[in-house]
Amino acid sequence: MNKFISIGHGNTVAASRIVAVVTPESSPVKRLIQDAKEDGRAIDTTAGRKTRAVLIADTGHVILCALQPETVTARLNGKPETETEAGAGTDAEAFPDGDCTGTDITESHEGADAADDT
């Protein structure tokens, strides 16, 4: 059975299919992303945020993620996130409302919807 990990914004990936987690800054990775976009193999899960990690799947798909590579790697390894990974640094900046775990945020907005109905 596949283990799935959260990569933010309610998205998950099969951990067994990921062969590499890299940063998007280098020229070879930028070319890889561009080629994947042209071939239809790119999957953008950033929800408009800055791409901070690029996941390479064994199928050739290139997954763009707004989480830090260290955070994704920790989740792939099954390690619990430390306070630094979960709430400090650039992930906290990328997810100011704290939703970097991929949890369903509709629960937190139910009260707001009820208030709108009155």
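The model is predicted, so local features need pLDDT of at least 70, side-chain atom pairs count only at pLDDT 80 or more, and totals for chains, interfaces and linings use all residues. Residues are numbered from 1 along each chain as its sequence is written, and side-chain values use heavy atoms, with hydrogens and water left out.

Select the four strands of the open sheet, in the order S3-S5-S6-S4, with mixed pairing. Strands here are DSSP E runs of at least two residues, helices are H or I runs of at least four, and both are numbered from the N terminus; two strands pair if DSSP finds at least two bridges between them. The edge strands are S3 (18-22) and S4 (42-44), each pairing on one side only.

Next, select S3 with S5 (residues 53-57): they pair in the antiparallel sense over four bridges. Val21 stands opposite Leu55 in S5.

Contact means heavy atoms within 4.5 Å.

Move to helix H2 (residues 69-76), where Pro69, Thr71, Val72, Ala74 and Arg75 are buried (under 20% relative accessible area, 1.4 Å probe, protein chains only). Gly78, with a positive phi near 75 degrees, follows H2.

Finally, select Leu55 again. Leaving aside neighbours within four places in sequence, Leu55 is in contact with residues including Ile7, Val13, Ile63 and Val72.

How values were computed:
Buried < 20%, exposed > 50% of the residue type's maximum accessible area, 1.4 Å probe, protein only.
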